Amino acid sequence: MNKKTFAAFVGPSVFMMFIFIALPLVSVFFESFKITQPIVEQQEVETCTPGFIGQTCVTEVKTVPVLDENGKTVTQTEWVGLQSYRNVLQLDKVGDAISSGNWGDILQIDFWKALRFTLMFTLLTLPLVLVVGLSLALAVNNAVRAVRGPVIFISLLPFIITPVIGSLAIYWLFVGDGILTSLLERWTQTNISMFAQAWTIELLMYFFRVWNNAPFAFVIFYAGLQTVNMDTLESAVIDGASRWERLRHVIIPHLMPLIIFISIIHLMDVYRVFEEIVGFRSQAHVISLQWLTYDFLVPDDAGNRAISRASASAMLTMIGIVILLIWPLRRTWLDHKGGAH
Amino acid sequence: MSTPKALQQSTGLKLASNGFLVLWCLVAAFPIFWITVMSFKSPRDAFADSPWAVLVGPVTRAQGNGLSIIDIIVGLVVLFFALRWAFTRLPKMVVQYSPPGLIVLGWLVGAAVYALAFILVFFVALPLVLGPINSILGPLGEPVLGLTTQHYEAVWGENEFYRNFLNSMLVTAGVVTISLTVGTLAGYGLARSGSDLAFWLLILALIFRALPHSVLVAGYLPWFINSAEILRPIFGELSPTLYGQPWAVIAVLVSINQPFTIWMLRSFFQNIPSELDEAARVDGCSHFQAFRRVIMPVMWPGVITTGLFSFLLGYNDFLVTSLLLDAQNQTMVPAIAGYFNRETTTTDQVEAVAAAVSITAPLFLLVMVFQRQIVSGLTAGAVKG
């Protein structure tokens with residue numbers, strides 16, 4: 001295929017990705033160094049309230065936005081350098097926390113709170129999803145042929161359900177005196193409210209993520225198990241390998257490429273953890289990096305969106321995922337080079 | 001294939017593994033099953049703290065909404081025949097009536113018509129017939145199981161959820177058609193070109209795939225809100241404000257979906273032997289003719305699978321649609337968030353549950369019809385590496 005035909009085939013797709021992915025990234029990069037604010041001016045305003053004898057008039061200086069002839073606020077954009085990053089990172093508070101020795105105070109700042117949760121969540125759900133997925137695949141592989149189809153059908157449900165709806169479904173089971181909360185209460189004889197403190201919410205979020213993502217790992221592992229070399233397995237049996245040893249030395253090495261594949265996809269998907277926070281309404285206790293940007297972008301009560309702070313936090317989020325993916329991508333690159341020569 | 005004797009398992013292991021499967025199936029299906037049950041009960045039953053009360057619904061029953069034994073028996077019989085019909089006659093009818101080559105479309109129409117007929121028979125015709133019968137039968141006709149569809153009526157009728165449904169359908173249909181059109185071309189090009197450029201494009205797409213969507217939306221928002229002023233020098237007075245436009249959201253979702261689409265379609269096209277189009281090329285076809293006449297007839301399994309995943313992306317999206325669309329043309333998933341703000345009474349909460357179940361129902365149908373394609377799609381990218 002020559003260059004021209006290749007360009008014709010790939011062109012539309014590359015064009016769309018350029019317009020709607022590459023350009024927005026450049027825009028975010030520049031926006032994060034700028035700040036757009038309404039121009040305000042100081043005005044003396046006299047307000048009078050009717051009193052008993054005469055009017056009581058108060059003159060005060062107010063800050064009001066300047067309006068243009070259409071009645072819209074006039075805004076000005078200026079370059080502020082790293083100011084937005086400073087607003088998001090709040091390094092001075094971090095410095096205070098470190099110098100005073102109260103390390104926990106760092107986690108009171110939104111960004112660091114979100115970073116802590118996002119990273120911990122991404123890295124801790126990974127082994128959970130892999131283990132649950134692999135055990136499911138092994139169990140289904142052992143099961144009678146007739147039940148495999150229905151089990152796969154049921155397993156796919158948590159995977160394809162809208163994440164917001166899935167987290168809401170779990171929320172409704174536990175909210176207030178939902179049936180599972182009251183079951184736990186009867187069991188432990190204590191009063192439990194699952195959505196009042198951070199750690200119980202986080203626990204439910206881990207549960208939700210494994211519920212939601214394990215089917216994906218399961219289906220892939222299950223397909224991988226069908227291609228395990230039976231001869232190798234049988235010779236392992238003849239050599240006296242126990243079931244565990246066969247799993248450890250034959251099956252897992254065979255599945256290794258799949259484990260790496262699932263891990264990369266998992267890192268990408270869980271790093272953007274967001275829907276749980278909407279579904280569980282946990283913003284007061286637990287937030288993630290993607291939710292932080294979302295929150296800046298949602299108009300506040302006055303209808304203003306904090307675009308520059310959102311851009312700064314978006315840039316920081318992006319740097320995070322790039323760092324997380326450097327190692328797997330380097331590996332793909334080395335594989336490609338190895339394959340080419 | 002019989003299992004070799006040495007690989008046979010002890011009873012204990014079999015029990016443990018099957019027990020684990022049963023437990024998983026319960027955990028996987030329970031939340032979805034439970035919200036479906038909740039959505040049919042009156043608020044006090046739905047949020048009752050004993051599971052039995054939620055299942056049986058004494059308060060709902062006391063309000064006169066419920067099913068009698070006759071209702072349950074007739075309902076189960078109708079359900080049985082409806083399901084049997086769906087698995088025996090429906091596929092035949094779809095094959096018979098859909099135009100050749102458009103079997104997918106036939107299935108979509110068939111499934112939609114079937115769902116509509118099912119709802120009509122079950123929720124309109126049956127109650128009409130069974131109402132008089134129940135009143136004649138006396139004790140047998142007394143309701144024993146509380147059940148009410150009032151929340152669905154409120155959600156779809158008063159709250160005009162069908163508007164959100166139509167918006168969702170518009171957005172997802174747009175996303176699926178455009179991403180498949182653009183994606184198949186690119187996927188084919190990438191699969192047949194072994195150049196370094198193709199490799200780098202794929203790696204770049206992988207990086208784009210990793211970007212959290214909020215990063216991109218932060219890039220769109222300032223431009224979309226002010227687009228009328230920015231585009232004025234080019235388009236004059238006709239320049240649109242992109243914010244709140246469904247087609248702008250479609251373009252955004254298609255682009256966000258492109259990296260995934262081209263990776264997946266590329267792996268499908270790699271499975272089609274390249275001798276096929278080379279033969280066509282030898283016979284004097286250009287690349288595009290070879291694509292149209294030789295590849296297009298055999299690419300449908302891969303395209304359907306990729307289309308399913310594009311559908312899921314468009315349908316399930318919350319972040320992009322909630323930030324880029326305004327209240328007038330909101331899709332279903334962000335519209336549910338609107339219930340949070342009003343969720344003051346328990347009735348509102350159960351209505352939110354009913355809306356959530358309404359959103360899930362099409363996905364349930366989708367897995368039923370396309371289970372095989374979804375599984376093959378999940379494994380296609382992975383097993384081939």
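User: How far apart do the C-alpha centres of domain 1 of chain B and domain 2 of chain B lie?

Analyst: This is a predicted model, in which local features need pLDDT of at least 70 and side-chain atom pairs count only at pLDDT 80 or more, while totals for chains, interfaces and linings use all residues. Residues are numbered from 1 along each chain as its sequence is written, and chains are lettered from A and ligands numbered from 1 in the order in which they are written. Domain 1 of chain B covers 30-154 and domain 2 covers 160-383, with bounds from an automatic or database domain assignment. The separation of the two C-alpha centres is 32 Å.

User: Which helix gives the most residues to the side of domain 1 of chain B that touches domain 2 of chain B?

Analyst: The contact takes 15 residues from domain 1 of chain B and 13 residues from domain 2 of chain B, where two residues are in contact if their C-beta atoms, placed from the backbone, lie within 7 Å. On the domain 1 side, H1, H2 (43-46), H6 (103-137) and H7 (150-158) of chain B each supply at least two residues. Helices (H or I, at least four residues) and strands (E, at least two) are DSSP runs, numbered from the N terminus. With five residues, the helix that gives the most is H1(B).

User: How many residues of that side of domain 1 of chain B are nonpolar?

Analyst: Ala, Val, Leu, Ile, Met, Phe, Trp, Tyr, Cys and Pro count as nonpolar, Asp, Glu, Lys and Arg as charged, and the others, Gly among them, as polar. The side of domain 1 of chain B that touches domain 2 of chain B has no charged residues and three polar ones. Its count of nonpolar residues is 12.

User: What percentage of the 385 residues of chain B count as buried?

Analyst: Chain B has 18 helices and two strands. A residue is buried if 20 or more other C-beta atoms, placed from the backbone, lie within 10 Å of its own, exposed if 12 or fewer, and partly exposed in between. In chain B the buried share is 37%.

User: Is Ala191(B) buried or exposed?

Analyst: Ala191(B) lies in helix H8 (residues 161-192) of chain B. Because 22 other C-beta atoms lie within 10 Å, Ala191(B) is buried.

User: Which residues does Ala191(B) touch, not counting those up to four places away in sequence?

Analyst: Trp24(B) is 167 residues from Ala191(B) along the chain, and their C-alpha atoms are separated by 38 Å. The residues that Ala191(B) touches are Arg266(B), Phe269(B) and Gln270(B).

User: Which helix of chain A makes up the largest share of the side that touches chain B?

Analyst: In the interface, 78 residues of chain A are in contact with 81 residues of chain B. The largest share of the chain A side is 16 residues, from helix H1 (residues 3-31) of chain A. By class, that side has 56 nonpolar, 15 polar and seven charged residues. The helix asked for is H1 of chain A.

User: How are H5(A) and H1(B) oriented to each other?

Analyst: Axes are lines fitted to C-alpha atoms, for helices over the stretch in contact, with angles from 0 to 180 degrees between N-to-C directions. H5 (residues 145-160) of chain A and H1 (residues 11-39) of chain B pack at about 45°, with axes 9 Å apart. Angles under 35 degrees count as roughly parallel, over 145 as roughly antiparallel, 65 to 115 as roughly perpendicular and the rest as oblique. H5(A) and H1(B) are therefore oblique.

User: What is the handedness of the crossing of H4(A) and H8(A)?

Analyst: The axes of H4 (residues 110-142) and H8 (residues 198-225) of chain A come within 6 Å and cross at roughly 45°. That makes H4(A) oblique to H8(A). A crossing is left-handed if the near helix is turned anticlockwise from the far one by less than a right angle, and right-handed if clockwise. The crossing of H4(A) and H8(A) is right-handed.

User: Which residues does Ala137(A) touch, not counting those up to four places away in sequence?

Analyst: Ala137(A) is in helix H4 of chain A and counts as buried, with 23 C-beta neighbours inside 10 Å. Its contacts are Phe218(A), Phe221(A), Tyr222(A) and Leu225(A).
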